[in-house]
Amino acid sequence: MTATPANQEVSLGMPQLPAPDYPADVRARLDADAKEVVARYPDSRSALLPLLHLVQSQEGYVTRTGVRFCAETLGLTTAEVTAVSTFYSMYRRKPGGDYQVGVCTNTLCAVMGGDAIFDELKQHLGVGNNETTEDGSVTLEHIECNAACDFAPVVMVNWEFFDDQTPESAKRLVDDLRAGRPVRPTRGAPLCTYKETARILAGFPDERPGAVEATGGAGPASLIGLKLAKGETPQHRVVHPRAETPHDGPPHDPSPSEHLSSHDAPQQTSASDPAHPAGPETEEGE
Ligand code: FES
């Protein structure tokens, strides 16, 4: 077996197909944007995640051209960029719609109706998971927990929350999106298109009036957990207004409590219960 001379390329039988570059004007604009992003990090390769959002803001998904751009900008190989972009679910590998509609089918949302919503939307839109409607407006996918279990079942559109959904409300939501009717998330910033969202995620300011001030704070159930951890007694019982139409009604005011359940009382911990102090672990049986 003989070694290949250093100056001789090894052919693996694959065609050499470097990804095309962006048109000059697009490249110049993205170069300027990327320079701003990279300058935020002590090590340029740390800018890869925002740069992948930046290329998504250009083409709606991570193209081979986008991978080349990130690699050239950060001094990485295209294999390294591809490895990262295919690891995270927020980066698309193929073209998608203006609205990425994600239905949470993780355990809590699933049992609260997320599975039913996802099945209904597949039927209603005539697409499967990770597929896009023919008009190019909606890409449907099932997603994992979005830390919004207080409001299960949750649907996200371009990562904005639509809480306490039902199959009917979710169908109305996608119908409104496809018809271009205004849609308001339950909380947080107003909705914008996938590409616009990608640019915000790349770290550029959301200049829409009121967008930054809009908050998507934690839900009452999460805050009760915090109060219990602090040894406080919550004043309200958490009851979701399940009968209300989620994006027509007021957002998630808990109903006043008449009786607190024993489960709502502060729990004794080793720190708060001197009768049962935490001590060193003993051998089993001692
Ligand atoms: S399980 Fe759906 S948001 Fe947590």
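Okay, ground rules before the pictures. Residue numbers start from 1 along each chain, following the sequence as written. What you see is a predicted model, where local features need pLDDT of at least 70, side-chain atom pairs count only at pLDDT 80 or more, and totals for chains, interfaces and linings use all residues.

So, confidence. pLDDT is the predictor's confidence in each residue, from 0 to 100. The chain has a mean pLDDT of 82, with 75% of its residues at 70 or more. Two stretches fall below 50: residues 243-272 and residues 278-286. I'll call two residues in contact if their C-beta atoms, placed from the backbone, lie within 7 Å. Leaving out near neighbours in sequence, residues 243-272 have 44 contacts in the model, while residues 278-286 have 1.

Now the overall layout. Helices here are DSSP runs of H or I with at least four residues, strands are runs of E with at least two, and both are numbered from the N terminus. That gives 8 helices and 5 strands. Reading from the N terminus, the order is α-α-α-α-β-α-β-β-β-β-α-α-α. If you take contacts between residues at least 6 apart in sequence, 61% of them join residues at least 24 apart. As for burial, a residue is buried if 20 or more other C-beta atoms lie within 10 Å of its own, exposed if 12 or fewer, and partly exposed in between, again with C-beta atoms placed from the backbone. Buried residues come to 27% of the 286 in the chain.

Let's zoom in on a helix pair. Helix α3, residues 64-74, packs on helix α4, residues 78-85, at about 120 degrees, with the axes 8 Å apart. Those axes are lines fitted to C-alpha atoms, for helices over the stretch in contact, and the angles run from 0 to 180 degrees between N-to-C directions. Who's touching whom? On the α3 side we have Val67, Arg68, Cys70 and Ala71, and they meet Thr78, Val81, Thr82 and Ser85 in α4. By class, the contact splits into 4 nonpolar, 3 polar and 1 charged. For that count, Ala, Val, Leu, Ile, Met, Phe, Trp, Tyr, Cys and Pro are nonpolar, Asp, Glu, Lys and Arg are charged, and the others, Gly among them, are polar.

On to the sheet. Pairing means DSSP finds at least two bridges between two strands. β2 pairs with β3, residues 138-143, in the antiparallel sense over 2 bridges, and Thr132 sits opposite Thr139 in β3.

Ala152 and Pro153 are joined by a cis peptide bond, omega about 0 degrees, and Pro153 is in the loop between β3 and β4. Ala147 is found in the loop between β3 and β4 too, and has a positive phi of about 55 degrees despite not being a glycine. Asn158, in the loop between β4 and β5, also has a positive phi, near 50 degrees, and isn't a glycine either. Buried or exposed, then, for Ala147 and Asn158? Ala147 counts as exposed because it has 10 C-beta neighbours inside 10 Å, whereas Asn158, with 23, counts as buried.
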